[in-house]
Amino acid sequence: MTLLQYVGIFVLLIAHQVQADFKVSTQDLKVLLNGQQSFELYLTKNLSENVLVTIEVQHPDLVKTLPDTLSINASDIIDKWSIIVEGKSAGHSVVAVNITPNNVTDFSDAFVRVTVEKSEVLYHISSVVGWIYFLAWSVSFYPQIYSNYRRKSVVGLNFDYLSLNLIGFIMYSLFNCGLYWIPEVELEYFRRYPKGLNPVQVNDIFFSLHASFATVITIIQCFIYEIGNQTVSITARIIHAIFAVFILISIILAGVATITWLDFLYYCSYVKLCITLIKYVPQAFYNYKRKSTDGWSIGNIFLDFTGGMLSMLQMILNAYNYDDWESIFGDPTKFGLGFFSVAFDIFFILQHYVFYRDNPNERSNEILHKQESSDDEETRMCCGLIIQK
């Protein structure tokens, strides 16, 4: 090994020893409007030279820090400093650290996401509302399952709606599980949004997997109980084929690294959004065609309506508490989907209680069906007596 190589190794070792890391005690901080909270900024290794620490605020109109600069000498024995954060206006901001000179320190993790809220009470109300709508949506599958079991029939439940629902929840489960459980995908998300939070929580995973399971149970019932003349329509099959081709192409592109697997999961979520927009249409049209909602559980609709209304209520509460109306009007997708679902729920309720309430045609069909069954039974009995004679 040459002298130059020895010198290079020595320099690298020295550089590694003098490299200092700035860290923070928490990366998420909640502050009341006109209130104060603090976090700790600390060093994990000794400095090799004096540095100037500047506290940079993403939105100075929302957040103020004390102090806003720190002069740190390499000879100082202090390795921890308290930074006070004051909430000036409701909203979200990022407090980050910048070091001068920056060649001897690593401060990429020295940032704090600050949320300034107007009211702690509204925060807790929003949390309660969130859990209630989560439970309402989770339980909403079972009235239909119980109705099918009690009637031993799935007549009245549109198969297009059911098949679209299954594909939608499978896509939603893929997105949630992939982003939450696959480290490489999560790392890609943080590379793309370095100061962001993982948008998927444990309750998102539970809901999507549970919804897929409940939908599979309902589909199994379709193979066990009476189905009448129902089947998946050609239109629905074409839609499924389009989604299948889209997902297959996305998998191939992700497999050859043309797109990232994170992009693939986002494409899965887009399929879910499209399905949410169209899945109610087949059931509503089926009810209209039959002039009846018999076999379509109204309990499912009431729970879905409750979940949708509370979901939108939580969004409004959060928008007011964090002065973040842009989350609704600036990106209306989530709010619009909730509103769209609630609008269809109202239409289903009108179909059940107003448009087709005590439908005489439906009653006549039921009476005729019973009469035909009775006539068939009498015919069988007569044939039996003739054979015996």
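Q: How many salt bridges does a search of the whole structure find?
A: This is a predicted model, in which local features need pLDDT of at least 70, side-chain atom pairs count only at pLDDT 80 or more, and totals for chains, interfaces and linings use all residues. Residues are numbered from 1 along each chain as its sequence is written, and side-chain values use heavy atoms, with hydrogens and water left out. A salt bridge is a side-chain nitrogen of Lys or Arg within 4 Å of a carboxyl oxygen of Asp or Glu. On that basis the search of the whole structure gives 6.

Q: Which residue meets the side chain of Lys23 in a salt bridge?
A: Lys23 lies in strand β1 (residues 20-24), and its partner in the loop between β9 (105-106) and β10 (111-117), so the pair ties together parts that are 86 residues apart in sequence. Strands are DSSP runs of E, at least two residues, and helices are runs of H or I, at least four, numbered from the N terminus. The N to O distance is 3.3 Å, and the partner is Asp109.

Q: Is Glu188 buried or exposed?
A: Glu188 forms salt bridges with Arg191 at 2.9 Å and with Arg192 at 3.5 Å. Salt bridges that share partners join Glu188, Arg191, Arg192 and Asp263 into one network. Buried means under 20% relative accessible area, exposed over 50%, and partly exposed in between (1.4 Å probe, protein chains only). Glu188 has a relative accessible area of 16%, so Glu188 is buried.

Q: Where is Asn165 placed?
A: Asn165 counts as buried because its relative accessibility is 5%. Its place is residues 159-181, helix α4.
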